Amino acid sequence: MYCHLSVHHPVPGARDALVASMHRYGAAIENAPGLISVHTLEDAADGVLVGLALWESEDAFLASVQRARQAVAEDPFDEWEAEPVQGFRLVEV
C-alpha cells in the first residue's frame, strides 16, 4: 500500500474554500486505477485539515496524481494556508 497524506492549516475564514478544493482534488482521482480510497479529514480540536489517499502502489499514484493537481491548479493556496502544506508519501514498514 502507498499513502499520500497532506496536512493543511487554513487561515481563519478559508476553511470552507480549502475543504472544497480538497474535495475537487479527490473527485479528480475518484475512479483512478489503483486508488483504494480518498478522504478529507478534520481535527475538530484545532481545525487542521488532512487529505488522505490510499493507493495500491506508488506507480498507481504517479499515474493519476496529475489529474488531481490540475483540478486545483488555480486555487489560491497562498491565501488559504496559514503555513506551508506538509506532504507525506508513505509506505508500510
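Reader: Is Ser 64 buried or exposed?

Author: This is a predicted model, in which local features need pLDDT of at least 70, side-chain atom pairs count only at pLDDT 80 or more, and totals for chains, interfaces and linings use all residues. Residues are numbered from 1 along each chain as its sequence is written, and side-chain values use heavy atoms, with hydrogens and water left out. Buried means under 20% relative accessible area, exposed means over 50%, and partly exposed is what lies in between, for a 1.4 Å probe and protein chains only. The relative accessibility of Ser 64 is 5%, so this residue counts as buried.

Reader: Which residues does Ser 64 touch, not counting residues up to four places away in sequence?

Author: Ser 64 belongs to helix 2. Helices (H or I, at least four residues) and strands (E, at least two) are DSSP runs, numbered from the N terminus. A contact requires heavy atoms within 4.5 Å. With residues up to four places away set aside, Ser 64 touches Ile 29, Ala 32, Pro 33 and Trp 55.

Reader: In what order do the elements of the protein run from the N terminus on?

Author: The protein contains three helices and four strands. Read from the N terminus on, these elements run β-α-β-β-α-α-β.

Reader: What is the radius of gyration of the protein?

Author: The C-alpha trace spans about 35 × 30 × 20 Å along its principal axes. The radius of gyration is taken over C-alpha atoms, and the globule rule is 2.2 Å times the number of residues to the power 0.38. For 93 residues that rule gives 12 Å, and the protein comes close to it, so it is as compact as a globular protein of that length, with a radius of gyration of 13 Å.

Reader: What share of the contacts with a separation of 6 or more comes from residues 24 or more positions apart?

Author: Buried residues make up 40% of the 93 residues. Among the contacts with a separation of 6 or more, the share from residues 24 or more positions apart is 73%.

Reader: How far apart in sequence are the parts that the pair of Tyr 2 and Phe 61 ties together?

Author: Rings of Phe, Tyr and Trp (its six-membered ring) pair if their centres lie within 6.5 Å; planes under 30 degrees apart count as stacked, over 60 as edge-to-face and the rest as tilted. The count comes to three aromatic pairs. The rings of Tyr 2 and Phe 61 form a tilted pair, because their centres are 5.3 Å apart and their planes stand at 40°. Tyr 2 lies in strand 1 and Phe 61 in helix 2, so the parts tied together are apart in sequence by 59 residues.

Reader: Why is the pair of Phe 77 and Trp 80 given its name, and what is that name?

Author: Both residues lie in helix 3, three residues apart, about one turn of the helix. Phe 77 is partly exposed at 26%, whereas Trp 80 is buried at 13%. Their ring centres are 5.7 Å apart and their planes stand at 85°, so the pair is edge-to-face.
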